[in-house]
Amino acid sequence: MSNVPFRKVAVFGATGSIGGSTLDVIARHPERFRASVLVAHRNVAALAELCVRFRPDLAVIADPALEGELSRRLAAAGMRCDVASGHDAIAQAAASPLCDTVVAAIVGAAGLDSTLAAARGGKRLLLANKESIVMAGALLLEALAAGGGELIPVDSEHNAIFQCLPGGRPKLDDSGVRRLILTASGGPFRGRTRAELAGVTPEQACKHPNWVMGRKISVDSATLMNKGLEVIEAHHLFGAPPDRIDVLVHPQSLVHSLVEYVDGSVLAQLGNPDMRTAIAHALAWPARIEAGVAPLDLAATAPLAFQHPDLATFRCLALAFQALRAGGDATAILNAANEVAVEAFLAGGLSFLGIADLVESVLAELPPQAVVDVQTLNERDRLAREAARRILRNAC
């Protein structure tokens with residue numbers, strides 16, 4: 001434990017599932033970590049409760065209309081800390097001296113600006129917001145290099161690959177890596193046909209068999225779009241071309257990913273499906289700390305099974321590979337269209353199978369362009385969302 005430096009941690013998305021797991025790990029090691037900045041979207045009551053418990057220096061609520069309520073709640077609880085609101089305040093917090101470590105767990109494209117700010121600020125960036133790197137992988141890596149910080153993935157699959165590679169994120173060819181293999185649980189609809197998926201409800205899609213997650217990522221897991229986004233993330237994080245990234249469905253969610261080497265060796269990271277393992281690893285790396293996760297009892301588990309994904313039924317994964325191979329900003333278009341599609345599905349305005357159809361239509365309408373800067377990328381993101389909403393309106 002003596003080789004783990006004390007860290008001031010900003011938790012972006014503090015009221016979500018990743019935020020909750022992060023704060024649980026932090027609470028187990030008060031001598032090593034302090035939650036110095038807490039950020040939430042609109043759950044002002046939960047944010048105020050967390051502030052009272054963890055006593056940060058700064059609390060930020062994304063919705064400016066709720067800043068006054070947050071201040072009132074904190075004052076009523078006798079809690080004194082700075083309060084701010086809005087996306088600019090979140091990005092400023094990411095770059096501020098109040099933290100040296102940033103847990104980027106804001107869902108969707110909304111997390112891009114603060115993730116880039118943390119990278120430019122030289123922070124240890126614990127990346128749980130895969131949409132940021134899917135949208136702007138090259139720009140994020142450039143910001144990271146310019147800021148001199150370090151990026152450690154928190155997604156269980158990428159954290160597993162990180163653990164199976166020598167030294168974290170080396171060049172794959174120099175390390176003798178043949179391919180990266182991401183595992184997928186298959187979600188709640190594994191094994192079903194397209195006909196069986198035609199009438200599934202948001203409630204069914206959000207009942208993940210192994211993980212407790214938010215509604216958006218749960219739907220992405222059910223469509224396998226989440227795995228497609230992870231393929232794109234793996235490409236940027238580890239410099240792997242699409243033909244050196246594979247996906248295997250592994251229903252037990254105990255093998256989180258694998259790395260195959262040219263000598264025939266395959267290294268895998270195993271553990272119970274609990275995000276605190278990856279979070280504790282990323283917070284303390286290269287040291288190891290207790291995460292509160294139960295030991296894995298392999299003798300008590302069911303046999304470990306693996307199978308290839310059904311790309312004809314779960315088309316979102318195939319579309320993600322298509323966008324990655326297309327290059328440019330195609331992956332940002334894919335992500336924007338998917339966010340609109342999932343929102344519509346959760347609201348009852350789009351069928352489950354319609355998610356992939358809508359994403360495919362937007363990709364066809366907006367051919368990829370070179371990624372120049374964040375402003376251009378944000379404009380393309382806006383155009384993709386407008387196209388998706390227009391296609392939805394015309395279909396009604």
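**Notebook: salt bridges, core and selected residues**

E386 and R382 sit four residues apart in helix α16 (residues 374-395), so about one helical turn separates them. I am working from a predicted model. I looked up the pair's contact: E386 and R382 form a salt bridge, with the closest N and O atoms 2.4 Å apart. Next I checked accessibility. E386 comes out at 40%, so I log E386 as partly exposed. R382 is partly exposed as well, at 36% relative accessibility.

**Other salt bridges**

I searched the whole structure and got 24 salt bridges. Side chains of opposite charge can pair when their charged atoms come close.

I picked out K216 and D220. Their side chains meet in a salt bridge at 2.6 Å, N to O. Both residues belong to helix α10 (residues 215-223), four residues apart, about one turn of the helix. Are K216 and D220 buried or exposed? Both are buried.

Then I turned to D155 and K130. Their salt bridge has its closest N and O atoms 3.2 Å apart. D155 lies in the loop between β7 (150-153) and α7 (156-164), while K130 is in helix α6 (residues 130-147), so this pair ties together parts 25 residues apart in sequence. I noted D155 and K130 as buried, both of them.

Which residues are linked in a network of salt bridges? I found D24, R28, D274 and R276.

**Nonpolar core**

I listed the largest nonpolar core next. It has 138 residues. Those with the most contacts inside it are F12, L23, L38, F238, L334, F352 and V362. Which helix gives the most to this core? Helix α14 (residues 330-346) does, with eleven residues.

I followed up L23. Setting aside neighbours within four places in sequence, I see L23 in contact with V11, A14, A35, L38, L50 and F54. L38 in that set is also on the list of residues with the most contacts inside the core.

**S36**

S36 is in strand β2 (residues 33-40). Its relative accessibility is 0%, so S36 counts as buried. I asked what its side chain meets. A polar atom of the S36 side chain lies 2.7 Å from the backbone oxygen of L98. Beyond four places in sequence, S36 touches K8, V9, A10, P56, D57, L58, L98 and C99.

**C316**

I placed C316 in helix α13 (residues 315-326). Relative accessibility is 2%, and the cut-off for buried is under 20%, so C316 counts as buried. Which residues does C316 touch, not counting those up to four places away in sequence? I got T223, L224, M225, I355 and A356.

**Surface patch**

L270, L298, L304 and F306 make a nonpolar patch of about 330 Å². I traced F306 to the loop between α12 (276-284) and α13. F306 has 39% relative accessibility, so I log F306 as partly exposed.

Definitions and conventions:
Residues numbered from 1 in each chain as written. Predicted model: local features only at pLDDT ≥ 70, side-chain atom pairs only at ≥ 80, totals over all residues. Heavy atoms only, no water. Helix = DSSP H or I, 4+ residues; strand = E, 2+ residues; numbered from the N terminus. Buried < 20%, exposed > 50% of the residue type's maximum accessible area, 1.4 Å probe, protein only. Contact = heavy atoms within 4.5 Å. Patch = residues over 30% accessible without salt bridge, like charges linked within 9 Å, V, L, I, M, F, W, Y side chains within 5 Å. Areas by Shrake-Rupley, 256 points an atom, 1.4 Å probe, with all protein chains shown as cover. Salt bridge = Lys/Arg side-chain N within 4 Å of Asp/Glu carboxyl O. Core = buried A, V, L, I, M, F, W, Y, C linked by side-chain atoms within 4.5 Å. Polar contact = N/O pair within 3.5 Å; in protein donor to acceptor, adjacent residues only side chain to side chain.
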